[in-house]
Amino acid sequence: MPRSVQPPCVVNIEDLRRVAKRRLPRVVFDYIDGGAEDELTLRANCRAYETVTFRPRCAVATPACDLRITVLGTPLSMPLILAPVGSSRLIYPRGEEAAARAAGAAGIAYTLSTLSGCRLEDVAVASKGPVWYQLYLVGGRDCALSAIERARAAGFSALVVTIDTPVAGMRERDIRNGVKELLSRKLGEMLPFVNQLLTKPRWLASFLADGGLMKFPNVIIPGQGPMLYADVTTALEQSMVTWHDLRWIREAWSGPIVIKGVHTGDDARRAVDTGADALVVSNHGGRQLDGVAPTLRMLPEVLASVGDRIEVLLDGGIRRGSDIVKALCLGARAVLAGRAYAYGLGAAGSAGVERAIEILRSDLTRTLKLLGCASIAELDRSYVDVPAELEK
Ligand SMILES: Cc1cc2nc3c(=O)[nH]c(=O)nc-3n(C[C@H](O)[C@H](O)[C@H](O)COP(=O)(O)O)c2cc1C
């Protein structure tokens with residue numbers, strides 16, 4: 001593991017964020033770091049954890065803390081899953097494979113976005129652990145059906161259907177940094193924005209050596225081939241998923257289905273009624289509708305609605321192992337993390353993702369010991385005090 005991601009340089013996820021910021025051009029760093037509009041929800045997701053306080057049991061011996069858990073029947077070494085992060089190949093050469101490799105080595109699951117730069121078959125081979133496939137309906141139904149079939153054949157064990165992207169959120173940093181112009185492939189339009197790439201020559205050299213501007217090899221448009229990178233915003237707008245679509249998706253995929261992007265108890269019930277096996281309380285890390293409540297605050301409502309029927313996962317704002325513990329005390333079965341590992345990927349590729357997972361794992365063990373709790377399975381509400389707004 002490179003020294004740049006080890007202590008004393010990197011002690012926590014925020015340090016990884018700083019290293020990633022140094023290595024990446026602004027346009028790529030902001031793509032990871034930013035959120036929609038005023039970024040209220042992005043910040044609120046993180047702050048919600050500050051409002052929950054611990055109630056430790058002291059003088060309790062916990063020689064070995066057991067972090068293991070099963071999600072959808074699959075054993076994981078800890079209650080963490082890597083969330084789908086589209087275009088990870090922009091962040092680091094063969095980024096999706098690099099992240100999947102680190103997840104597999106750590107015994108946790110990796111979720112591959114439809115909008116990825118690496119072939120799904122290569123990602124499945126890269127990981128020794130479970131891999132999940134996140135589905136967008138970009139390219140239409142036939143295109144999705146062929147991706148679903150490829151994912152099944154390659155050994156993906158769950159299908160994650162994201163339901164909170166009827167349009168792309170308003171990511172103002174992306175507009176200011178000239179994402180559209182840089183993707184235009186027209187020199188005149190690109191020129192005012194290329195300087196940010198030239199000031200990061202190491203990133204630029206590795207990006208170009210990895211093939212430069214990508215296509216999406218898992219979105220094969222019938223009669224046309226892989227979707228071009230520049231088409232994403234438009235394609236997302238034409239690809240919204242409805243509850244109706246969930247029916248044919250349910251028929252096409254015989255394995256577990258996870259619905260990602262549930263905000264309310266009502267939608268949670270709809271997800272279960274459509275045949276979901278698990279759901280993720282998620283607001284896309286504050287990248288879609290700004291002004292929605294932090295996910296930790298919505299968790300009790302969702303659990304009250306469907307908690308006895310399916311597994312409820314949560315994402316958004318996880319930056320420390322203690323955040324994971326708080327989410328589990330409030331009833332989540334496990335969490336997904338996006339930026340926490342994307343910063344690691346930006347800092348040092350697979351080694352950076354390994355480091356992010358290691359930080360969260362050692363945080364988890366330490367927090368359990370300080371709580372006087374011997375295993376993840378024993379965590380419950382008695383270990384935390386929650387503010388009134390989280391009581392449902
Ligand atoms: C750079 C980036 C790209 C993302 N791409 C996708 C995607 O392609 N599909 C998807 O369902 N979610 C996507 N997400 C959302 C994440 O899966 C996850 O919901 C979110 O990152 C959780 O919040 P956190 O970053 O605070 O952990 C993306 C998030 C980030 C940061």
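**A walk through the predicted model**

On helix α1, the exposed residues Glu14 and Arg22 sit on the face turned away from the helix's buried side. This is a predicted model: local features need pLDDT of at least 70, side-chain atom pairs count only at pLDDT 80 or more, and totals for chains, interfaces and linings use all residues. Residues are numbered from 1 along each chain as its sequence is written.

Two terms come first. A residue is buried if 20 or more other C-beta atoms lie within 10 Å of its own, exposed if 12 or fewer, and partly exposed in between, with C-beta atoms placed from the backbone. Helices (H or I, at least four residues) and strands (E, at least two) are DSSP runs, numbered from the N terminus.

Back to α1, which spans residues 13-23. Its buried residues are Ile13, Leu16, Arg17, Val19, Ala20 and Arg23. They cover an arc of only 165° around the axis, which puts them on the same side of α1. The arc is that of the directions from the helix axis to the C-beta atoms. An α-helix has 3.6 residues a turn, so residues three or four places apart point the same way. What covers this buried set includes α2 (26-33), α12 (201-209) and α18 (339-371). In the segment before α1 lies Pro8. The peptide bond from Pro7 to Pro8 is cis, with omega near 5°.

Next, the core. A nonpolar core is a set of buried Ala, Val, Leu, Ile, Met, Phe, Trp, Tyr and Cys residues joined through C-beta atoms within 7 Å. The largest one has 124 residues, and Leu279 and Val335 have the most contacts inside it. Helix α18 gives the most to this core, with 15 residues. In soluble globular proteins, nonpolar side chains tend to be buried together. Which residues does Leu279 touch, not counting residues up to four places away in sequence? They are Val258, Ile259, Val262, Ala268, Ala271, Ile310, Val312 and Leu313. Contact here takes C-beta atoms, placed from the backbone, that lie within 7 Å.

Strands come next. Two strands pair if DSSP finds at least two bridges between them. Strand β10 (residues 257-262) is mostly covered, with 6 of its 6 residues buried. Strand β7 (residues 158-162) runs parallel to β10, and 4 bridges join them. Thr162 stands opposite Lys260 in β10. Strand β11 (residues 278-281) also pairs with β10 in the parallel sense, over 4 bridges. There, Lys260 has Val280 as its bridge partner. Strands β8 (residues 215-221) and β9 (residues 225-228) pair in the antiparallel sense over 4 bridges. Lys215 stands opposite Leu228 in β9. The two strands form a hairpin with 3 residues between them, and Gly223 in the turn has a positive phi of about 80°.

Helix α18 returns at the ligand. A residue counts as near if its C-beta atom, placed from the backbone, lies within 6 Å. Of the 25 residues around the ligand, Ala83, Gly86, Ser113, Gly285 and Gly338 come nearest. The elements that give two or more residues to this shell are α2 and α18. The largest share, 3 residues, comes from α18. By class, the shell has 10 nonpolar, 11 polar and 4 charged residues. Ala, Val, Leu, Ile, Met, Phe, Trp, Tyr, Cys and Pro count as nonpolar, Asp, Glu, Lys and Arg as charged, and the others, Gly among them, as polar.

Leu371 is also in helix α18. Is Leu371 buried or exposed? Leu371 counts as buried, because it has 23 C-beta neighbours inside 10 Å. Leu371 and Arg55 are 316 residues apart in sequence, yet 7.1 Å apart in space, C-alpha to C-alpha. Leaving aside neighbours within four places in sequence, Leu371 is in contact with Phe54, Pro56, Arg57 and Tyr383.

Helix α17 (residues 321-329) is mostly covered: 9 of its 9 residues are buried. Among them are Asp323 and Lys326. Gly331 follows α17 and has a positive phi, near 115°.

Some backbone details remain. Most residues other than glycine have a negative phi, and most peptide bonds are trans. Ala59 has a positive phi, near 55°. Ala59 lies in the loop between β1 (53-54) and β2 (69-71), and is exposed, with 6 other C-beta atoms within 10 Å. Ser87 has a positive phi of about 55° although it is not a glycine. Its loop runs between β4 (80-82) and α4 (88-91). Ser87 is partly exposed, with 19 other C-beta atoms within 10 Å.

Methods:
Contact = placed C-beta atoms within 7 Å.
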